[in-house]
Amino acid sequence: MAAVAHIDSWLENFTEAEKSAAGRSLPWLHRLREDAFARFCETGFPTTKDEDWRFTNVSAIARTAFRPASAVRLAPGDTAAWRVDDAAATLVFVNGRFSAELSELDFVPKGVTVASLRGRIESHPEEVEKHLGRYADTQRDPFVALNTAFIGDGAYVHVARGVVVEAPIYLLYLSTKEEAATMTHPRNLIVADDEAQVAVIEDYASVGGESVVFSNAVTELVAGESTVAQHYLIEREHLKAFNVSTLRIEQGRSANVASHSVLLGGGLVRNNVHPVLAGEGGECLINGLFLGTGSQHLDNYMHVEHAAPHCGSRQFYNGILDGQAHGVFHGRIVVHKIAQKTDAKQTNRNLLLSDDAQIDTKPQLEIYADDVKCTHGATIGQIEENALFYLQSRGISEMEARKLLLMAFADECVERMQSDVARGHIERLVNEHLLFTEGIAPQSGTLGRVVERKLEEVG
Amino acid sequence: MSLLEIRNLHVSVGGNEILKGIDLTVNAGEVHSIMGPNGSGKSTLAQVLARRDAYQVTEGSILFEGKNLLEMKPEEAACEGLFLAFQYPVEIPGIGNTYFLRSALNAQRKHRGQDEMDAMDFLPMFREKLKLLEMDDKLMNRSLNEGFSGGEKKRNEILQMAVLEPKLAILDETDSGLDIDALRIVAQGVNSLRSPERAMVVVTHYQRLLNYIVPDFVHVLVDGRIVRSGGKELALELEEKGYSWTEHEPVGARA
């Protein structure tokens, strides 16, 4: 870790934020923020010397003096394009602030609470206190510490015991163009009680042009016993955006949770997914797709913790990288001593479409139990020339054939998404995105050369 | 004008000359068989015709309906009516069989200035062809060739041919690895497509397939050259006497 640059600026921002923060009269929340800020000041931003950040250099974030994003009002017409039809509820945040007029909360089903976190802290602090900050680790991750220090607004979702929410709850985070470099620290709390069922989509997007924005989000998702929960993350901001997001999942006994991540946009993106399987018989699916081009840097850091016996986790991440894009997949699996009969699986597949695209893929298994099954594998390859020729030989143009092959590769991930509404939304975004990926166009040089490196290990 | 005219074709792969001056004329309505030992250049000829770019044509010409085939990309050759049944059909996960075949057919129809076929028109026609190849339509909901047995893959090739209705079909060792039942079904599918407008080039190592698909002409390819041409009786003679009978060099002299 490095000394914090612009420490004065951070201190000023923190002091300013504290003055208007939600629940500033609540001692527990005040302490949570103060401790987190102290921790951040102690550690500073990580550097590539830290093992967890070896492949991702965040100095561009560290050396920028960010200001809080401004309060901006958007008309409903400005955000019409971003809607997801058939959501159970929609919460819209503009520059980190909840916008009641853009949100849609009229049809929230019975037994379900959907609100802004800020509002909920004011109205029902005791509910929030039970969970907020109890899972996300400010000690290990400076970005989590920073987010916690600046807890302001975000989504609060609570699903009561046994309640099944059919349609997903849609959370949209929009950033606008500003003069200065700005930041937001969205904080979400999703609590699904025993035997409940819920799906939440977090969607990060930009409106009205590009400026340097830094979105540092933390979501705590608590799934009770036998609860079924799905979380979707979509990053599609412009290329000047820094986006760090951390999903911390706490799973109870026999809970079945899925995390789906789709990284399309953002210049420097870090996607942390940290499920803890804390109750027996839990299942976790960790599924992701990242499509990088230009000079995008897309880092996926998985930290799957098996803390109870008889749990299963499956990780599937597919990456397509073009231009000078750099992708990272870090798959850490920790099996605690108590977690016998763990069945953990990890697969990372990558397509590199250009000579300059790069992927770092790294499994990291820490197993302290003796009766477990952990497998991991990674592949790095290019569009297969045989497959391309086969499609062309039937009359399909090279361009179309490439597109079909890329979509098929992306679909492996998209098809794992259980919610029809979420999958439909993501399928549209991915297809649109692939249409504009430069690697679809024929490139001499890379076409005939097929490099396939396969690493398969069972440990 | 002949459908296919190959003149003095020389082809190299990575500096090795594989085809050393092939001459072959195929007219509409004809079925030609190209036989030869392993490594004689049969598959190279098939792949060059389908316009695979890994092969360098160093000399000679190929005209397809009078047009220069060597200037065409694989998809253009396909749209002009050339079809290759692959010796090793490729498995492509994530692309559905039916979707793929309809996309291919529509790409070809578009090229010919015809309207694209929607699912309503496509499916009845498709079901007919499936019946012809005695294929389970459940296979069609799966990814292209994925998890297909060897026989299913070969039948899928002929199914594609039946749907795309090419002018010239090249069957590259479609018989290899097939049991007798599968062979009969494949041959039946091929025979049903024989017509005065359509020509076929059947590339095979064994005479077996030719019991079912009776050729008009048989050519023997040895070491990159056609060393003998004749009628269907040539295939029987080969079966009896072996390839060494036609060769100036011993069998398997080159890979």
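Begin by selecting A:His306, which you will find in strand E16 of chain A, the strand made of residues 297-306. As you look around, bear in mind that the model on your screen is a predicted one. Is A:His306 buried or exposed? With a relative accessible area of 0%, A:His306 counts as buried, because that term is used for residues under 20%. To see what surrounds A:His306, leave aside the residues up to four places away in sequence and display the others that touch this histidine, among them A:Leu277, A:Cys311, A:Ile333, A:Val335, A:His336 and A:Asp343.

**The two domains of chain A**

Next, colour chain A by its domain assignment, which gives domain 1 as residues 7-279 and domain 2 as residues 383-459. If you mark the C-alpha centres of domain 1 of chain A and domain 2 of chain A, you will have two points that lie 31 Å apart.

Between domain 1 of chain A and domain 2 of chain A, the count of salt bridges is zero, while five residue pairs are in polar contact, with both residues at pLDDT 80 or more.

**A residue in strand E11**

Stay with strand E11 of chain A and select A:Arg236, which lies in that strand. Although this residue is an arginine, A:Arg236 is buried, with a relative accessible area of 18%. Draw a distance line from A:Arg236 to A:Asp203, and you will see that their side chains are joined by a polar contact of 2.6 Å. Other residues in contact with A:Arg236, when its neighbours within four places in sequence are left aside, include A:Trp82, A:Tyr170, A:Tyr204, A:His425 and A:Leu429.

**Where chain B meets chain A**

Finally, bring chain B into view and look at its contact with chain A, which takes 32 residues from chain B and 16 residues from chain A. Chain B and chain A bury about 1900 Å² between them, with 65% of it on carbon and sulfur atoms. How many salt bridges are there between chain B and chain A? The count is two, and you can find one of them by selecting B:Arg52 and A:Glu385, whose closest N and O atoms are 3.2 Å apart. Across the interface of chain B and chain A there are also 11 residue pairs in polar contact, both residues being at pLDDT 80 or more.

To finish, show the elements that give two or more residues to the side of chain B that touches chain A, including helix H2 (74-80), strand E7 (92-96) and helix H5 (150-164) of chain B. H3(B) gives the most to that side, with six residues, and the residues of this side of chain B divide into 20 nonpolar, six polar and six charged.

Methods:
Residues numbered from 1 in each chain as written. Chains lettered and ligands numbered in written order. Predicted model: local features only at pLDDT ≥ 70, side-chain atom pairs only at ≥ 80, totals over all residues. Heavy atoms only, no water. Domains from an automatic or database assignment. Salt bridge = Lys/Arg side-chain N within 4 Å of Asp/Glu carboxyl O. Polar contact = N/O pair within 3.5 Å; in protein donor to acceptor, adjacent residues only side chain to side chain. Helix = DSSP H or I, 4+ residues; strand = E, 2+ residues; numbered from the N terminus. Buried < 20%, exposed > 50% of the residue type's maximum accessible area, 1.4 Å probe, protein only. Contact = heavy atoms within 4.5 Å. Buried area = accessible area lost by both parts, 1.4 Å probe. Nonpolar A, V, L, I, M, F, W, Y, C, P; charged D, E, K, R; others polar.
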